[in-house]
Amino acid sequence: MALNFTYAQLARGIISVKVTTANVDDKKPVPDMTDNLLGSLYGDKGYISSSFEKMIHYRRQSLIN
């Protein structure tokens, strides 16, 4: 069984980790993990979708890829 590791990290360390099976989209756990964060999210171009961009814009976050 393959697993995906998605994590949120601040300068002082990792603050959240989600482990999902390989068939789960990597973007799915990100909204819950970053709900209370301000600033920039870092990810690859696969994270860019119109609904994802709207969500991070609404939260006043930005995506760096």
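What is the mean pLDDT of the chain, and what share of its residues reach 70 or more? Hi everyone, let's start there. The mean is 75, and 75% of the residues reach 70 or more. pLDDT is the predictor's confidence in each residue, on a scale from 0 to 100.

A few ground rules. This is a predicted model, in which local features need pLDDT of at least 70 and side-chain atom pairs count only at pLDDT 80 or more, while totals for chains, interfaces and linings use all residues. Residues are numbered from 1 along each chain as its sequence is written, and side-chain values use heavy atoms, with hydrogens and water left out.

Now the overall layout. The chain has two helices and four strands, in the order β-β-α-β-α-β. Helices (H or I, at least four residues) and strands (E, at least two) are DSSP runs, numbered from the N terminus.

Next, burial. Buried means under 20% relative accessible area, exposed means over 50%, and partly exposed lies in between (1.4 Å probe, protein chains only). Of the 65 residues in the chain, 25% are buried.

Let's stay with α2. Its buried residues are F52, M55 and I56. Viewed down the axis of α2, they fall within an arc of 90°, so they line one face of the helix. That arc is taken from the directions from the helix axis to the C-beta atoms. If you are wondering about the spacing, an α-helix has 3.6 residues a turn, so residues three or four places apart point the same way. The face turned away from the buried side carries the exposed S50, S51, K54, H57 and Y58.

What do the buried residues of α2 pack against? They pack against α1 (30-33), β3 (39-42) and β4. Contact here means heavy atoms within 4.5 Å.

That brings us to the core. A nonpolar core is a set of buried Ala, Val, Leu, Ile, Met, Phe, Trp, Tyr and Cys residues joined through side-chain atoms within 4.5 Å. The largest one has five residues: V30, L41, F52, M55 and I56. Helix α2 gives the most to this core, with three residues. Not counting residues up to four places away in sequence, I56 touches L41, Q61, S62 and L63.

Beyond its neighbours within four places in sequence, Q61 contacts T34, L37, G39, L41 and I56.

Between α2 and β4 (61-64) there is a loop, and R60 is in it. R60 has a positive phi of about 60° although it is not a glycine. For background, most residues other than glycine have a negative phi. At 73% relative accessibility, R60 is exposed.

Last stop: the salt bridge, meaning a side-chain nitrogen of Lys or Arg within 4 Å of a carboxyl oxygen of Asp or Glu. The count is one. It joins the side chains of R59 and D35, at 3.6 Å from N to O. The pair links distant parts of the chain, 24 residues apart: R59 is in the loop between α2 and β4, and D35 is in the loop between α1 and β3. R59 is buried at 18%, whereas D35 is partly exposed at 43%.
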